[in-house]
Amino acid sequence: MEIKVLGSGCSRCHKTLEVVNKVVSENHVDANVEYVTDLMKIMEYNVMSMPVIVIDGVVRIKGTVPSETEVKQLLGV
């Protein structure tokens with residue numbers, strides 16, 4: 001599974017990355033988590049509000065910091 005957290009480097013983006021990493025680690029999810037701050041790469045997803053979670057190329061959450069429960073649901077754990 002490929003998970004990307006897109007963000008500008010703000011505190012909300014870092015918090016989202018922290019939540020995703022925690023859920024992946026605690027639930028032993030086989031996933032590659034990447035934090036993307038390159039504006040040109042972010043624009044490829046056609047999103048304007050950060051943070052964004054992209055799972056296997058599909059935008060799943062944008063503009064909010066998800067709870068651990070929300071991330072677990074997205075990852076199916």
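Q: Let us begin with L6: is it buried or exposed?
A: L6 is buried, with a relative accessible area of 0%. Buried means under 20% relative accessible area, exposed means over 50%, and partly exposed lies in between, with a 1.4 Å probe and protein chains only.

Q: Before we go on, what sort of model is this?
A: This is a predicted model, in which local features need pLDDT of at least 70 and side-chain atom pairs count only at pLDDT 80 or more, while totals for chains, interfaces and linings use all residues. Residues are numbered from 1 along each chain as its sequence is written, and side-chain values use heavy atoms, with hydrogens and water left out.

Q: Back to L6, then. Which element is it in?
A: L6 is in strand 1, which covers residues 2-6. Strands (E, at least two residues) and helices (H or I, at least four) are DSSP runs numbered from the N terminus.

Q: And what does L6 touch?
A: Leaving out residues up to four places away in sequence, L6 touches C13, V36, I42, Y45, V47, M50, P51, V52 and V54. Contact means heavy atoms within 4.5 Å.

Q: Where is I3?
A: I3 lies in strand 1. I3 is buried, with a relative accessible area of 1%. Its contacts beyond four places in sequence include V20, V24, A31, I53 and L75.

Q: How far apart are I3 and V20?
A: Their C-alpha atoms are separated by 8.7 Å, and the two residues are 17 apart along the chain. For L6 and A31, which are 25 residues apart along the chain, the C-alpha separation is 16 Å.

Q: Let us step back. How many helices and strands does the protein have?
A: The protein has three helices and four strands. Starting at the N terminus, the order is β-α-β-α-β-β-α. The radius of gyration is 11 Å, close to the 11 Å that the globule rule gives for 77 residues, so the protein is as compact as a globular protein of that length. That radius is taken over C-alpha atoms, and the rule is 2.2 Å times the number of residues to the power 0.38.

Q: What does the C-alpha trace span?
A: Along the principal axes of the protein, the C-alpha trace spans about 30 × 25 × 15 Å.

Q: What share of the residues is buried?
A: Buried residues make up 34% of the 77 residues. As for contacts between residues at least 6 apart in sequence, 64% join residues at least 24 apart.

Q: Changing topic: how many disulfides are there?
A: The count comes to zero disulfides, where a disulfide is a pair of cysteine sulfur atoms within 2.5 Å.

Q: Where is T16?
A: T16 is in helix 1, which covers residues 11-26. At 1% relative accessibility, T16 counts as buried. Apart from residues up to four places away in sequence, T16 touches V5, P51, I53, T64, V65 and P66.

Q: P51 has come up again. Where is it found?
A: P51 is found in the loop between helix 2 (39-43) and strand 3 (52-55). A cis peptide bond joins M50 and P51, with omega about -5°.

Q: What is the phi of H28?
A: H28 has a positive phi of about 50° although it is not a glycine. H28 lies in the loop between helix 1 and strand 2 (32-36), and H28 is exposed, with a relative accessible area of 71%.

Q: And what about N46?
A: N46 is likewise a residue other than glycine with a positive phi, near 55°. The place of N46 is in the loop between helix 2 and strand 3, and N46 is exposed, with a relative accessible area of 69%.
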